[in-house]
Amino acid sequence: GPAHGRHCHRQQGSGSGSGSASGSARPQPPEPSLLRFLVCPLSKRPLRYEETTNELINEELGIAYPIIDGIPNMVPEAARMTHKKPPAEGSEQP
């Protein structure tokens with residue numbers, strides 16, 4: 001067969017290390033200048049940046065906004081509750 005000796009060798013992206021850490025392992029923190037005037041859209045209070053989870057924490061409401069690629073996702077739908085709430089009344093089994 002004529003269409004034989006053509007092998008597609010795809011380079012797996014390894015070994016192309018340019019020496020600088022390409023922040024894929026570490027979450028990227030938001031700009032410090034950005035954090036200065038960021039407030040919670042719900043309470044209008046300043047948010048605390050939590051480095052370990054890469055989130056913006058609102059202690060008062062007990063919610064955390066995720067930070068994606070250094071940009072805070074400030075929609076209430078994306079926020080997760082940080083306070084462990086007990087189950088609502090009526091949900092426990094008799």
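A: Helices (H or I, at least four residues) and strands (E, at least two residues) are runs assigned by DSSP and numbered from the N terminus. The model is predicted, so local features are described only at pLDDT of at least 70 and side-chain atom pairs only at pLDDT 80 or more, while totals for chains, interfaces and linings use all residues. Numbering starts from 1 along each chain as its sequence is written, and side-chain values rest on heavy atoms, with hydrogens and water left out.

N54 sits in the loop between β1 (48-50) and β2. With a relative accessible area of 7%, N54 is buried; the word stands for under 20% relative accessible area, exposed for over 50%, and partly exposed for what lies in between, using a 1.4 Å probe and protein chains only. A polar atom of the N54 side chain lies 3.2 Å from the backbone oxygen of I67. A polar contact is a pair of N or O atoms within 3.5 Å; within protein, one atom must be able to donate a hydrogen and the other to accept it, and residues adjacent in sequence count only if both atoms belong to side chains. Contact in the wider sense means heavy atoms within 4.5 Å. Apart from residues up to four places away in sequence, N54 touches P27, Q28, P29, Y49, P66 and I67.

Strand β2 itself covers residues 55-58 and holds I57. At a relative accessible area of 8%, I57 is buried. L47 is ten residues from I57 in sequence, and their C-alpha atoms are 5.5 Å apart. Beyond neighbours within four places in sequence, the contacts of I57 are L47, R48, E50, I63, A64 and T82.

E55 and R80 form a salt bridge, their closest N and O atoms being 2.8 Å apart. Since E55 lies in strand β2 and R80 in strand β5 (residues 80-81), this pair ties together parts that are 25 residues apart in sequence. A salt bridge is a side-chain nitrogen of Lys or Arg within 4 Å of a carboxyl oxygen of Asp or Glu. E55 counts as buried at 10% relative accessibility, whereas R80 is partly exposed at 38%.

R45 is in the loop between α1 (32-36) and β1, and E60 in the loop between β2 and β3, so the pair joins parts 15 residues apart in sequence. The whole structure has four salt bridges.

Y65 belongs to strand β3 (residues 63-68) and is buried, with a relative accessible area of 0%. Among its contacts, leaving aside neighbours within four places in sequence, are E55 and L56, together with C40, L47, M74 and A79. C40 is 25 residues from Y65 along the chain, and their C-alpha atoms are separated by 8.9 Å.

Y65 is one of nine residues in the largest nonpolar core, with L38, C40, L47, L56, I63, I67, M74 and A79. Strand β3 supplies the largest share of this core, three residues. Such a core is a set of buried Ala, Val, Leu, Ile, Met, Phe, Trp, Tyr and Cys residues joined through side-chain atoms within 4.5 Å.
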